[in-house]
Amino acid sequence: MVDLMTRSASSITAIGSSNFLRGFDLNDFQYAENIRIRYACAGNGPPLLLLHGHPQTHVTWRKIAPALAETFTVIAPDLRGYGDSSKPAGGPDHVNYSKREMAKDPVALMRALGHERFFVVGHDRGGRVAHRMALDFPDAVAKIAVFDIAPTATMYARTDKVFATRYFWWFFLIQPFPLPERLIEADPEFFLRKHIDGQNKIPDATEAAAFAEYLRCYFDPATRHAICEDYRAAAGIDLVHDEADKDKRITAPLLALWGAKGTVGALYDVLDTWREKAVDVTGLALDCGHTLQEERPDVVLSELRSFFR
């Protein structure tokens with residue numbers, strides 16, 4: 001288990017109401033000199049942490065978070081490097097964007113809010129953060145749901161031409177600085193649009209206002225660099241951590257949901273990949289692409305309510 005450094009100077013600052021998550025308030029959680037986490041929160045009941053993926057922010061939960069807040073206390077942060085959260089330097093071996101370090105932020109946030117044990121949902125990169133969180137903080141994670149991912153080490157180990165073609169950014173974004181940063185800088189909107197439209201299989205699932213919000217963040221060079229650092233860490237130090245923990249299993253019940261029309265569902269037996277990493281695994285495919293919570297929010301909401309009941 002990884003110790004989480006006590007931050008005696010942590011503070012929470014109110015920002016205002018969310019423009020995207022109905023009934024949610026925005027706050028900033030400062031718990032280290034260079035780490036500030038923007039998060040949305042609302043609701044009553046058992047605590048539920050929602051972790052977004054790339055290239056989204058916490059806004060990706062807009063279609064399901066208000067309904068979840070009817071029975072849960074919902075906390076939806078921007079991961080470090082994303083949205084309006086801090087974007088620290090990557091450090092040696094991109095360690096500050098290792099999933100181990102990224103997982104510490106939401107755990108610290110939940111503890112600051114008085115939640116020592118909670119449910120967690122992670123989509124895409126957020127699912128990888130949640131995976132590491134469940135290993136490093138098993139006493140904190142009561143149940144875990146992961147959306148449209150197989151374990152990182154598994155996906156890299158089984159890489160072939162089909163996967164490398166479909167998920168080219170796994171190999172593009174890890175190139176040494178500043179190659180991917182400079183190339184994306186030429187037209188961030190084009191890159192973002194191709195990425196989202198290529199992964200979504202339900203037309204207009206990411207409506208114009210949400211896309212504009214993602215683009216606002218993507219226009220920030222610090223965000224684009226942090227995203228590259230996230231992927232560089234995944235291809236390096238995260239694999240080192242995964243190898244060291246290859247015999248460990250997630251003990252919390254795990255729900256895996258994935259898009260039947262997406263790459264992960266096409267290339268992997270998703271449940272089998274997670275049964276290699278966790279002791280109690282259930283799940284199913286949904287009729288959509290990669291971004292389940294935006295493409296099939298009603299089905300996702302039903303599955304989460306059932307799983308976390």
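Which strand does Leu-26 lie in? Leu-26 lies in strand E2 (residues 25–32).

## Basis of the model

This is a predicted model, in which local features need pLDDT of at least 70, side-chain atom pairs count only at pLDDT 80 or more, and totals for chains, interfaces and linings use all residues. Residues are numbered from 1 along each chain as its sequence is written, and side-chain values use heavy atoms, with hydrogens and water left out.

Helices (H or I, at least four residues) and strands (E, at least two) are DSSP runs, numbered from the N terminus.

## The sheet

Nine strands form an open sheet with mixed pairing. Their order is E1-E2-E3-E5-E4-E6-E7-E8-E9. Two strands count as paired if DSSP finds at least two bridges between them. Strand E1 (11–17) and strand E9 (281–286) are the edges, and each pairs on one side only. Neighbouring strands are turned by 20° against each other on average, direction ignored. Axes here are lines fitted to C-alpha atoms (for helices, over the stretch in contact), and angles run from 0 to 180 degrees between N-to-C directions.

E2 pairs with strand E3 (residues 35–43) in the antiparallel sense, over seven bridges. The two form a hairpin with two residues between them. Within this pair, Phe-29 has Ile-37 of E3 as its bridge partner. E3 also pairs with E5, again antiparallel, over five bridges. Strand E5 (residues 73–77) and strand E4 (residues 47–51) run parallel, paired over three bridges.

Why does Leu-26 count as buried? Its relative accessible area is 13%, and buried means under 20% (exposed is over 50%, partly exposed in between; 1.4 Å probe, protein chains only). The C-alpha atoms of Leu-26 and Tyr-268 are separated by 37 Å, and the two residues are 242 apart along the chain.

Ala-226 sits in helix H10 (residues 221–234). Ala-226 is buried, with a relative accessible area of 1%. From Ala-226 to Glu-185, 41 residues apart along the chain, the C-alpha separation is 13 Å.

## Helix H2

H2 has 14 residues. Its first and last C-alpha atoms are 20 Å apart, close to the 20 Å expected at 1.5 Å a residue. The expected span is 1.5 Å times one less than the number of residues.

How many of the 14 residues of H2 are buried? Twelve are, so H2 is mostly covered. Among them are Lys-99, Arg-100, Met-102, Val-107 and Leu-109. After the helix comes Gly-114, with a positive phi near 90°.

## Cavities

Rolling a probe the size of a water molecule over the atoms shows where empty space is left. On a 1 Å grid over the protein atoms alone, a cavity is a set of points where a 1.4 Å probe fits but cannot get out; a pocket is an open set with protein on both sides within 12 Å along at least five of seven lines; lining residues have an atom within 4 Å of a point. Grid points are joined across faces, edges and corners, and a volume is the space filled by probe spheres set on the points. The count is three cavities of 30 Å³ or more.

The largest cavity has a volume of about 110 Å³. Helix H2 (99–112), helix H3 (125–136) and helix H11 (237–244) each supply at least two lining residues. H3 gives the most, with five. The lining divides into two nonpolar, three polar and seven charged residues. Ala, Val, Leu, Ile, Met, Phe, Trp, Tyr, Cys and Pro count as nonpolar, Asp, Glu, Lys and Arg as charged, and the others, Gly among them, as polar. The lining includes Lys-99, Arg-100, His-131, Leu-135 and Asp-242.

The second largest cavity has a volume of about 70 Å³. By class, its lining has one nonpolar, one polar and five charged residues.

## The largest pocket

The largest pocket has a volume of about 180 Å³. Helix H7 (179–185) and helix H8 (188–199) each supply at least two lining residues. H8 has the largest share, five residues. The lining has seven nonpolar, two polar and two charged residues. It includes Phe-168, Trp-169, Phe-190 and Phe-191, along with Asp-187 and Lys-194.
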